[in-house]
Amino acid sequence: MTRFARITGTGSCLPPRRLSNADMVEMLARRDVETSDEWIVARTGIQARHFVDDGVFSSDLALQASRQAIAAAGLEPDAIDLIIVATSTPDMVFPSTAALLQHKLGIAGCPAFDVQAVCSGFIYALTVADAMVRTDAAHKALVVGAEVFSRILDFNDRTTCVLFGDGAGAVVVEASDTPGILATDIHADGKHSGILCVPGHVAGGQILGDPLLKMDGQAVFKLAVGVLEDTALASLSKAGKTAADIDWLIPHQANIRIMQGTARKLKLPMDKVVVTVNEHGNTSAASIPLALDAAVRDGRIKPGHTLLLEGVGGGFTWGSVLLTY
Ligand code: UT7
């Protein structure tokens, strides 16, 4: 019998501190950095984002999201036999945020590791979990995207600091006789590493280089629109489906204009696209599972629906997962 991997529970966590665009305008004005609600909304669709308080880490947000996802799957934490966390803002250089999350969940022994593919991280992590579950290496996997991007933002750079937020989303992926994840498609092209990066590193007890986010927004925008269409079509083709079969498109939440462009290319109306960028900003690897959980919990996504998840980000990385929910 064919063995599939299926999402059986979702969860999410946003830190309580919500900053509207007006709050950002005020915060940046104290640094003599000028921005406006009009610019941010018109160029990105973002109206607000959430930031963690001091002392809160990716593993803390991951823990809340994971507990919700595990409960939604009708499981207890000790049933989980694989943990993969997608993050570019880990609690520490090592150990992995996944190992820290495992301990916070009160479990031990199962494999736990991080995946680093920036805003495509959740797509990469789900792809790895799918492969491990289908090949019997795991039965009940916890897949998480968790980020505290507020820690790596340059609040003197208005072209980036208004775009990002913090949060976490999680899913439980279980072995199943029925599909499940139908197709996955992931890619990277390291020649574009410079257009979205945090170039600093730790050496000799010091941070060397700049540890804050740098982005050439226009270069990322142009690449993103093309590869998101390519990967969507690739996953659909692998599963023998077309865009008309998609009930919900759940794209990485970076910019409403990118989502509109992708929907247009796939000939999907915007009411089939789950949009949370307005309230979450860009939460990198957390954005797709956060959006997925929002649409599951408000009842838009129903069992049997066909979902296309897709992401793009630093690396340059991109990819998609097509699944039956
Ligand atoms: O998560 C990974 C994927 N990331 C993305 O997909 C991000 C992709 N890129 C984008 O979403 C867009 O390129 C941005 C939202 C980052 C920027 O939008 P844009 O339409 O490409 O604007 P721009 O960079 O061309 O800037 C236009 C103007 C500039 O002024 P001048 O040179 O025309 O006078 C900027 O200085 O807007 C100015 N500007 C701002 N003004 C007010 C840039 N940032 C701001 C700001 N507030 N925060």
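The model is predicted, so local features are reported only at pLDDT of at least 70 and side-chain atom pairs only at pLDDT 80 or more, while totals for chains, interfaces and linings use all residues. Residues are numbered from 1 along each chain as its sequence is written, and side-chain values use heavy atoms, with hydrogens and water left out.

To start with the overall layout, the protein chain splits into domain 1 (4–176) and domain 2 (181–324), with bounds that come from an automatic or database domain assignment. Their C-alpha centres sit 14 Å apart. Domain 1 brings 53 residues to the contact and domain 2 brings 46, where contact means heavy atoms within 4.5 Å. Together the two domains bury about 3,900 Å², and carbon and sulfur atoms give 62% of that; buried area here is the accessible area (1.4 Å probe) that two parts lose on being put together, summed over both. On the domain 1 side, C119, I123 and Y124 supply 17% of the area buried against domain 2, more than any other three residues.

As for charged pairs, the whole structure holds 13 salt bridges, each being a side-chain nitrogen of Lys or Arg within 4 Å of a carboxyl oxygen of Asp or Glu. Between domain 1 and domain 2 the count is 1. R18 pairs with E279 in a salt bridge whose closest N and O atoms are 2.9 Å apart.

Next come two helices, α7 (residues 217–238) and α8 (residues 256–265), whose axes come within 9 Å and cross at roughly 35 degrees. Helices are DSSP runs (H or I, at least four residues), as are strands (E, at least two), numbered from the N terminus. The axes are lines fitted to C-alpha atoms over the stretch in contact, with angles from 0 to 180 degrees between N-to-C directions. From α7, F221, A224, V225, L228 and E229 meet R257, I258, T262 and K265 of α8. By class, that makes 5 nonpolar, 1 polar and 3 charged residues, with Ala, Val, Leu, Ile, Met, Phe, Trp, Tyr, Cys and Pro taken as nonpolar, Asp, Glu, Lys and Arg as charged, and the others, Gly among them, as polar.

Finally, the backbone. Most residues other than glycine have a negative phi, and most peptide bonds are trans. F94 and P95 are joined by a cis peptide bond with omega about 0 degrees, and P95 lies in the loop between β4 (82–86) and α4 (97–104). Another cis bond runs from G315 to F316, with omega near -5 degrees; F316 belongs to the loop between β14 (306–313) and β15 (317–324). D32, a residue other than glycine, has a positive phi near 65 degrees.
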